[in-house]
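Please keep the sequence and the 3D view open while reading.

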Amino acid sequence: MEDLNCKKWVVIYTRSRHEKVVEKQLSDMGITNYLPLRKTLRQWSDRKKWVEFPLFPNYVFVYANKFDLLRLPEVVGYIKTIFINGKIAIVPERDIEFIKIAISSVQFIDTCIVEFKTFDRIVVTAGPLIGFVGQFIDYKGKKRLAIRIEAAGSCIIVDISPKHIKKLE
């Protein structure tokens with residue numbers, strides 16, 4: 001982020017369960033941000049309800065320049081900006097687009113930070129995720145597509161039909 005006016009996607013770490021509060025404050029400040037949410041069916045003793053939870057707990061993606069980054073400590077619930085190897089962790093625009101498409105178009109989506117058995121590197125050849133490259137993995141007893149989001153220290157795991165993928169050489 002050498003250029004002061006150049007905006008990039010960065011990741012910020014928030015207080016526990018403050019992601020939506022941070023997202024609202026950033027929006028009110030005019031700072032573009034993205035909080036990926038997934039719907040989960042929760043059951044109480046008397047009812048079931050669909051509830052939205054952050055896909056990456058404690059993380060919010062922020063499209064910011066140097067000036068915006070200096071304003072982040074004003075946000076209630078903000079803890080820190082994520083760094084990798086002493087530099088601000090930049091998230092490629094393509095990763096943000098993948099998250100948005102995956103959330104809106106796949107039935108199963110999850111995240112993990114644990115190591116898993118990797119099979120082949122694959123490219124998606126059809127469907128809404130066409131063109132994305134990831135790894136074919138064994139996760140919770142099923143073969144799934146995993147895309148690493150380095151800046152968040154996690155990966156996104158989605159179900160995908162075997163007819164929509166091709167092995168990379």
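Phe 67 lies in helix H2, which covers residues 66-71, and this placement comes from a predicted model, as does everything else described here. With a relative accessible area of 44%, Phe 67 is partly exposed. Together with Leu 4 and Leu 70, Phe 67 forms a nonpolar patch on the surface, and the accessible area of the three residues together is about 330 Å².

**Charged pairs**

Side chains of opposite charge can pair when their charged atoms come close.

| Salt bridge | N to O distance |
|---|---|
| Asp 68 and Lys 7 | 3.5 Å |
| Asp 68 and Arg 71 | 3.9 Å |
| Asp 120 and Lys 167 | 3.8 Å |

Asp 68 forms a salt bridge with Lys 7, and this pair links distant parts of the chain, since Asp 68 is in helix H2 whereas Lys 7 is in the segment before strand S1 (8-14), 61 residues apart.

An α-helix has 3.6 residues a turn, so residues three or four places apart point the same way. Arg 71 is itself partly exposed, at a relative accessible area of 29%.

The side chains of Asp 120 and Lys 167 meet in a salt bridge as well, and here too the pair links distant parts of the chain, with Asp 120 in strand S11 (residues 117-124) and Lys 167 in strand S15 (residues 165-167), 47 residues apart. Asp 120 is partly exposed, with a relative accessible area of 32%, and Lys 167 likewise counts as partly exposed, at 47% relative accessibility. Salt bridges that share partners join Lys 7, Asp 68 and Arg 71 into one network.

Helix H3 (residues 93-105) has 13 residues, and the distance from its first C-alpha to its last is 18 Å, close to the 18 Å expected at 1.5 Å a residue. Which residues of H3 are buried? They are Asp 95, Ile 96, Phe 98, Ile 99 and Ala 102. Seen down the axis of H3, these buried residues fall within an arc of 155°, so they line one face of the helix.

Val 106 is found in the loop between H3 and S10, and at 17% relative accessibility Val 106 counts as buried, because the cut-off for a buried residue is under 20% relative accessible area. The C-alpha atoms of Val 106 and Leu 129 are separated by 9.2 Å, although the two residues are 23 residues apart along the chain.

Strand S14 (residues 154-158) is mostly covered, with 5 of its 5 residues buried. Both faces of S14 are covered: on one side Ser 154, Ile 156 and Val 158 are buried, and on the other Cys 155 and Ile 157 are buried.

S14 pairs with two strands named here. Strand S10 (residues 109-112) and S14 pair in the antiparallel sense over 4 bridges, with Cys 112 standing opposite Cys 155 in S14. Strand S13 (residues 142-149) and S14 also pair in the antiparallel sense, over 5 bridges, and in this pairing Leu 145 stands opposite Val 158 in S14. The hairpin of S13 and S14 has 4 residues between the strands, and in that hairpin Gly 153 takes a positive phi near 65°.

S13 is joined in turn to S12 by 5 bridges, and these two strands run antiparallel. The bridge partner of Tyr 139 in S13 is Lys 142. The hairpin of S12 and S13 has 2 residues between the strands, and Lys 140 there takes a positive phi near 55°. In strand S12 (residues 133-139), 5 of the 7 residues are buried, so the strand is largely enclosed by the rest of the structure.

Note on methods
Residues are numbered from 1 along each chain as its sequence is written. This is a predicted model: local features need pLDDT of at least 70, side-chain atom pairs count only at pLDDT 80 or more; totals for chains, interfaces and linings use all residues. Side-chain values use heavy atoms; hydrogens and water are left out. Patches are made of residues with over 30% relative accessible area and no salt bridge: like charges are joined within 9 Å, nonpolar side chains (Val, Leu, Ile, Met, Phe, Trp, Tyr) within 5 Å. Accessible areas come from the Shrake-Rupley method with a 1.4 Å probe; for residues, only the protein chains shown count as cover. A salt bridge is a side-chain nitrogen of Lys or Arg within 4 Å of a carboxyl oxygen of Asp or Glu. Buried means under 20% relative accessible area, exposed over 50%, partly exposed in between (1.4 Å probe, protein chains only). The expected span of a helix is 1.5 Å times one less than its number of residues. The arc is that of the directions from the helix axis to the C-beta atoms. Two strands pair if DSSP finds at least two bridges between them.
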